[in-house]
Amino acid sequence: MNPVRQTIHFDKNLIDKDALKVVNTIAKAGFEVYLVGGCIRDLLLGYKPKDFDIATSATPEQVTKIFKRSRIIGRRFRLVHIMFSARKYIEVATFRAGKVQTSGNGVIIRDNYYGTLYEDVFRRDFSVNGLYYDITKSEVIDYVGGLEDLKSSVIKMIGNPTERFEEDPVRMIRAIRFKVKLNASLSPEISKSISKQAHLLANIPPARLYEEIIKLFHNEKSIEVYKGLLKFGLLKFLFSQTHESSFIDATLINTSKRIQSGNSVTPAFLFAVFLWAAQNKRYNELNKKNKSHIDLMIKASEEIIKRQTQQVMMPRWLSSRVKDIWMMQYQLENCNLKKAKELINNPRFRMAYDFLVLRSQSIDPDLKEKAEFWTTLQK
Ligand code: ATP
Ligand code: MG
């Protein structure tokens, strides 16, 4: 099969210098090598890509021989990370072959067969993510109609959606994410399959979903992603204890404003908001006899967090921050001026205060005065 080849000269300033270095070095060593996936999609749309993925005919061992500061990572997919600083690396993947080893229910368990560029394309998820770029020729290589689908803004699966979702259910949440990110539509086949297969997400390890959750909600369009997940019945497989609420809406709108203006965001805030109603409900159910408010709050919080981590992993720092935000609500609602001045200096104050303000603007309008008190006190 011959691909569509299109010469395009991308603005070199938009391409990461280190990624360019890696591609050129691998090419010089005599291997086939391309920029691939999200970065090409984003460059074609005129966005600045977040990260640059590289695909090559060199095996992970061959890549590590070329680059001193590199290491092989991953078990399901072996990849090479080439380190440029303590926090920055470029990821290089060897072309994957068509066959995958799946368990009884169709989920990929091992996937380390190396292949050619042509085979690699068909292992990718959506046509818009299946574009390769040959830097030396300034050429986009398209085997799957991705260029056209980008133009007409449609997310199409490479292959049969039902099978590809079975192979890797995380692709369902990726479909929603890219639909929103690219302001595109989903192909009717994808929409139909997601509605039928949403439940397969229950089989995904919580650690993998944690990474995905961050990508889903730490962007300017998180509210649309959230609505999409609800609409397709996916949210309950990520947050079974979460139901629609104006508090969540207000928070996601706020998150996108923060991102737009370059403020920091933390997943702790997100989890605290998503689980707040469940935490409150559990608190109210608990037997109050002989127990202090604090003890009950801790018990309810721990139960809710434990249940959540059966679906999505929460690192310890994250769950402890979520608890801090919750515990501080009571203090913010009930404290005298002397205590208040202390509280302001607590390192968690800011998050807890933001949480209170958003509550007052959505589910708890009676807290408006309290929220204003804290706003004034900080001035
Ligand atoms: P972004 O970086 O904006 O989140 P991306 O498309 O680069 O989007 P990555 O998760 O960085 O997403 O993946 C890079 C590429 O790897 C994708 O473009 C796609 O070709 C391929 N890919 C990633 N995850 C999967 C998957 N679950 N199934 C098949 N292909 C995938
Ligand atoms: Mg990427």
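Q: Where is asparagine 219 found?
A: Asparagine 219 is in the loop between α9 and α10 (222–231), where helices (H or I, at least four residues) and strands (E, at least two) are DSSP runs numbered from the N terminus. Please keep in mind that this is a predicted model: local features need pLDDT of at least 70, side-chain atom pairs count only at pLDDT 80 or more, and totals for chains, interfaces and linings use all residues. Residues are numbered from 1 along each chain as its sequence is written, chains are lettered from A and ligands numbered from 1 in the order in which they are written, and side-chain values use heavy atoms, with hydrogens and water left out.

Q: Which residues is asparagine 219 in contact with, leaving aside its neighbours within four places in sequence?
A: The partners are Ser256 and Ile259. They qualify because contact means heavy atoms within 4.5 Å. Proline 267 is 48 residues from asparagine 219 in sequence, and their C-alpha atoms are 12 Å apart in space.

Q: Why does the backbone oxygen of lysine 215 make a polar contact with the side chain of asparagine 219?
A: A polar contact is a pair of N or O atoms within 3.5 Å; within protein, one must be able to donate a hydrogen and the other to accept it, and residues adjacent in sequence count only if both atoms are side-chain atoms. The lysine 215 oxygen lies 3.1 Å from a polar atom of that side chain, so the pair is within the limit. The backbone nitrogen of serine 222 is also placed 3.1 Å from a polar atom of the asparagine 219 side chain.

Q: Which residues come nearest to ligand 1?
A: Arg41, Asp168, Arg171, Arg177 and Lys181 do, out of 18 residues around ligand 1. A residue is near a molecule or strand if one of its heavy atoms lies within 4 Å of it.

Q: How do you know what kinds of residue make up the shell around ligand 1?
A: The shell divides into one nonpolar, three polar and 14 charged residues. Asp, Glu, Lys and Arg count as charged, Ala, Val, Leu, Ile, Met, Phe, Trp, Tyr, Cys and Pro as nonpolar, and the others, Gly among them, as polar. Five of the shell residues come from α7, the largest share.

Q: What makes β1 (4–7) and β4 (70–73) edge strands?
A: The open sheet has eight strands in the order β1-β10-β9-β2-β3-β6-β5-β4, with mixed pairing. β1 and β4 each pair on one side only.

Q: Why do β9 and β10 count as paired?
A: Two strands pair if DSSP finds at least two bridges between them. Four bridges join antiparallel β9 (residues 131–134) and β10 (residues 139–142), so they pass. Tyrosine 133 has valine 140 in β10 as its bridge partner.
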